[in-house]
Amino acid sequence: QVQLMESGGGSVQAGGSLRLSCAASGYTDRRKCMAWFRQAPGKEREGVAYIHLGGGNPYYADSVKGRFTISRDNDKNTVDLQMNSLKPEDTAMYYCAEDRVVGRVCGRAWPRSTYYWGQGTQVTVSS
């Protein structure tokens with residue numbers, strides 16, 4: 001059974017930085033994709049960054065390109081999200097997700113039920 005635990009959220013002023021970390025317990029197949037999603041109040045959950053555990057280029061939502069960087073450490077079973085130049089519109093609950101399906105395209109948001117999810121960590125950016 002996969003369990004995901006996020007950490008690193010908090011409050012920051014616009015222009016600041018935060019680093020989120022996701023620790024995965026249990027076996028993680030390196031043919032899978034992992035991602036960070038976010039959900040603001042009253043909005044749909046959206047994928048912001050994706051990375052394949054087997055390598056390759058990460059994928060980013062247009063809204064975060066050039067500001068966010070996703071990275072992985074397969075030895076430690078962690079996936080991090082470095083967030084720079086934060087904006088108030090980045091305020092949301094951020095969730096780590098692991099694709100339940102091996103070999104699926106990494107970089108698009110599949111149905112929510114087809115991911116393992118962490119409990120989320122709040123990011124608040126003030127202007």
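Select Cys22 and Cys96 to begin: the torsion about their S-S bond is about -75°, so this disulfide is left-handed. The sulfur atoms of Cys22 and Cys96 are 2.0 Å apart, where a disulfide is defined as a pair of cysteine sulfur atoms within 2.5 Å. The pair links distant parts of the chain, with Cys22 in strand β3 and Cys96 in strand β9 (residues 92-99), 74 residues apart. Strands (E, at least two residues) and helices (H or I, at least four) are DSSP runs, numbered from the N terminus. Cys22 is buried, with a relative accessible area of 0%, and Cys96 is likewise buried at 0%. Here buried means under 20% relative accessible area, exposed means over 50%, and partly exposed lies in between, for a 1.4 Å probe and protein chains only.

A note on the model is needed before the next selection. This is a predicted model, in which local features need pLDDT of at least 70 and side-chain atom pairs count only at pLDDT 80 or more, while totals for chains, interfaces and linings use all residues. Residues are numbered from 1 along each chain as its sequence is written, and side-chain values use heavy atoms, with hydrogens and water left out.

How many disulfides does the structure hold? There are two disulfides. For the other stop, select Cys33 and Cys106, which a disulfide joins with an S to S distance of 2.0 Å. The torsion about the S-S bond of Cys33 and Cys106 is about 55°, so this disulfide is right-handed. Cys33 lies in strand β4 and Cys106 in the loop between β9 and β10, so the pair ties together parts that are 73 residues apart in sequence. Both Cys33 and Cys106 are buried. With the bonded cysteines of the chain numbered in sequence order, the pairing is 1-3, 2-4.

**The aromatic cluster**

Next, select Phe37, Tyr50, Tyr95, Tyr115 and Trp117, which form one aromatic cluster. Rings of Phe, Tyr and Trp (its six-membered ring) pair if their centres lie within 6.5 Å; planes under 30 degrees apart count as stacked, over 60 as edge-to-face and the rest as tilted. A search of the whole structure finds five aromatic pairs. One of them is Phe37 with Trp117, an edge-to-face pair at 5.0 Å centre to centre with 70° between the planes. Phe37 lies in strand β4 (residues 33-39) and Trp117 in strand β10 (residues 115-117), so this pair ties together parts that are 80 residues apart in sequence. The rings of Tyr115 and Trp117 have centres 5.5 Å apart and planes at 55°, so that pair is tilted.

Colour these residues by accessibility. Phe37 is buried at 3% relative accessible area, and Tyr115 is buried at 3%, whereas Trp117 is partly exposed at 23%.

Which ring does the charged end of Arg45 sit over? The charged end of Arg45 sits over the ring of Trp117, 4.6 Å from its centre. The charged end of Arg104 sits over the ring of Tyr115, 5.9 Å from its centre. A charge sits over a ring if NZ of Lys or CZ of Arg is within 6 Å of the ring centre and within 35 degrees of the ring normal.

**Strand β1 and its partner**

Select residues 3-7, which make up strand β1. Leu4 and Glu6 form the covered face of β1, and Gln3, Met5 and Ser7 the uncovered one. β1 pairs with strand β3 (residues 18-25) in the antiparallel sense over five bridges; two strands pair if DSSP finds at least two bridges between them. In this pairing, Leu4 stands opposite Ala24 in β3.

Move to strands β7 (residues 68-73) and β8 (residues 78-83), which run antiparallel and are joined by six bridges. Ile70 stands opposite Leu81 in β8. The hairpin has four residues between the strands, and Asn77 takes a positive phi near 60° there. Asn77 is partly exposed, with a relative accessible area of 29%.

Finally, select Ser85, in the loop between β8 and β9. Ser85 has a positive phi of about 50° although it is not a glycine. At 40% relative accessibility, Ser85 is partly exposed.
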